[in-house]
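Here is a short briefing for a first look at this model.

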Amino acid sequence: MKIADIRKNAYSMPFVSPAYPRGPYHFVNREFFIITYRTDLDALRAIVPEPLTVNDPLVSFEFIKMPDSSGFGDYTESGQVINVIDADGKPASYTHMMFLDDLAPIAGGRELWGFPKKLAFPKLRIESDTLVGTLDYGPIRVATGTMGFKFQTLDIAQEQKKLSETPGYLLKIIPHVDGTPRICELVRYFSQNVTVHGAWTGPARLELFHHALAPIADLPVLEVVAAKHLMCDLTLGLGEVAFDYLA
C-alpha cells in the first residue's frame, strides 16, 4: 500500500473497513424527548470549559430515537446538554455526556466532532398515555424520564428555528501515542436542513441515579422547568474549531 493511497483514503479506522462511511449524515423521523431542569450552578461552572460560560443553571436531559440514520443505521441515544453562552455572547448548548447503543455513531461521533459518547442502553417508547425514556448502563438504571403523551402542541416554526440556529459545542480530545493530548479543541456545529413534523409538551418528571461510570446524577434535578417531544428530519453538519486549547 502506497503512502499516497493512505493519505487519500484515511478518514477512519480500521483503515480497510471503517467503522462508519463518509458524511453527510442525514436523519429521518428523528424523535427527541427533552426534559429541561434546573441544577446546581457551581456544579455546572466546574465542568463547562472556557471560553463558554454559564448564566442559568439549566440542563436538558435528552432521549433520542433515530430509526433512519444514513451511515449509522437504527439506534437510540441519551445524555445531558447544558445551556451556555459562547464567546460571541450567543445562547448555545454544550454536550456534557452521551450514551448510545450502536458502534458506528459512537466511533463517528467521537472521531469527527468530539461527541462524548459511551456504550449504554437507552430506550424511548410510549407506554399507554405516557412517553417514557430510560437509560441503563449495563444492567443498572441511571435515568428515567416521563411525560404526558402529546398533551399540548408547540409552535413547530419556533422549534425548527431553535434547532437550526442554536450552535452546539463539544470538547474534542484525541490523545497522542504517549497519552498526552494531540488534539484538544472546542468544536462548534449546527443542525442543517431541519424539518420539524410535530412538537408537543406535557407534564414531565425526571429521575437520575448515581453510577460510578455514568455520573449524570452529579448534576442533580432540583426542578423540572420544561419538556418537549419532537419529530423531525435533519442533517448533522460537520464541525469547525472554535477554540484550540493547545495553540
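Ala, Val, Leu, Ile, Met, Phe, Trp, Tyr, Cys and Pro count as nonpolar, Asp, Glu, Lys and Arg as charged, and the others, Gly among them, as polar. By that scheme, the lining of the second largest pocket divides into 11 nonpolar, three polar and three charged residues.

This is a predicted model, in which local features need pLDDT of at least 70 and side-chain atom pairs count only at pLDDT 80 or more, while totals for chains, interfaces and linings use all residues. Residues are numbered from 1 along each chain as its sequence is written, and side-chain values use heavy atoms, with hydrogens and water left out.

**Pockets**

- A pocket is found on a 1 Å grid over the protein atoms alone: it is an open set of points where a 1.4 Å probe fits, with protein on both sides within 12 Å along at least five of seven lines. Lining residues have an atom within 4 Å of a point.
- Grid points are joined across faces, edges and corners, and a volume is the space filled by probe spheres set on the points.
- The second largest pocket has a volume of about 350 Å³.
- Its lining counts 17 residues, and Arg-110, Gly-114, Phe-115, Pro-116 and Ile-173 lie nearest its centre.
- Helices (H or I, at least four residues) and strands (E, at least two) are DSSP runs, numbered from the N terminus.
- Strand E10 (168-175) gives the largest share of the second largest pocket's lining, with six residues. E4 and H3 each supply at least two residues as well.
- The largest pocket has a volume of about 1000 Å³.
- A total of 47 residues line the largest pocket, with Glu-62, Val-81, Ser-93, Leu-163 and Thr-166 nearest its centre.
- By class, the largest pocket's lining holds 26 nonpolar, 13 polar and eight charged residues.
- Among the elements that each supply at least two residues to that lining are helix H3 (103-113), helix H4 (156-165), strand E12 (191-201) and strand E14 (223-236).

**Nonpolar cores**

- A nonpolar core is a set of buried Ala, Val, Leu, Ile, Met, Phe, Trp, Tyr and Cys residues joined through side-chain atoms within 4.5 Å.
- Buried means under 20% relative accessible area, exposed over 50%, partly exposed in between (1.4 Å probe, protein chains only).
- In soluble globular proteins, nonpolar side chains tend to be buried together.
- The largest nonpolar core has 34 residues, and those with the most contacts inside it are Phe-61, Ile-82, Val-84, Phe-99, Leu-135, Leu-208 and Ile-216.
- Strands that each supply at least two residues of this core include E1 (25-38), E2 (58-69), E3 (73-85) and E4 (91-100). The largest share, four residues, comes from E4.
- A second, separate core has 27 residues, including Ile-34, Phe-72, Phe-115 and Leu-170.

- Phe-99 sits in strand E4. Phe-99 is buried, because its relative accessible area is 0%.
- Contact means heavy atoms within 4.5 Å. Leaving aside neighbours within four places in sequence, the contacts of Phe-99 include Glu-77, Leu-135 and Ile-216.
- Glu-77 lies in strand E3. Glu-77 is buried too, with a relative accessible area of 3%.
- The side chains of Glu-77 and Lys-117 make a polar contact of 3.1 Å. A polar contact is a pair of N or O atoms within 3.5 Å; within protein, one must be able to donate a hydrogen and the other to accept it, and residues adjacent in sequence count only if both atoms are side-chain atoms.

**Helix H3**

- Asp-102 caps the N-terminal end of H3, where a side-chain oxygen lies 3.4 Å from the backbone nitrogen of Ala-104.
- Buried residues of H3 include Ala-104, Ile-106, Gly-109 and Trp-113.
- Pro-105 in H3 is buried at 1% relative accessible area. Not counting residues up to four places away in sequence, Pro-105 touches Phe-72, Tyr-75, Leu-100 and Lys-117.
- Just after H3, Gly-114 takes a positive phi of about 95 degrees.

**Arg-188**

- Arg-188 is found in strand E11 (residues 181-189). Arg-188 counts as buried, because its relative accessible area is 19%.
- The Arg-188 side chain makes polar contacts with the side chains of Tyr-169, at 3.1 Å, and Glu-240, at 2.8 Å.
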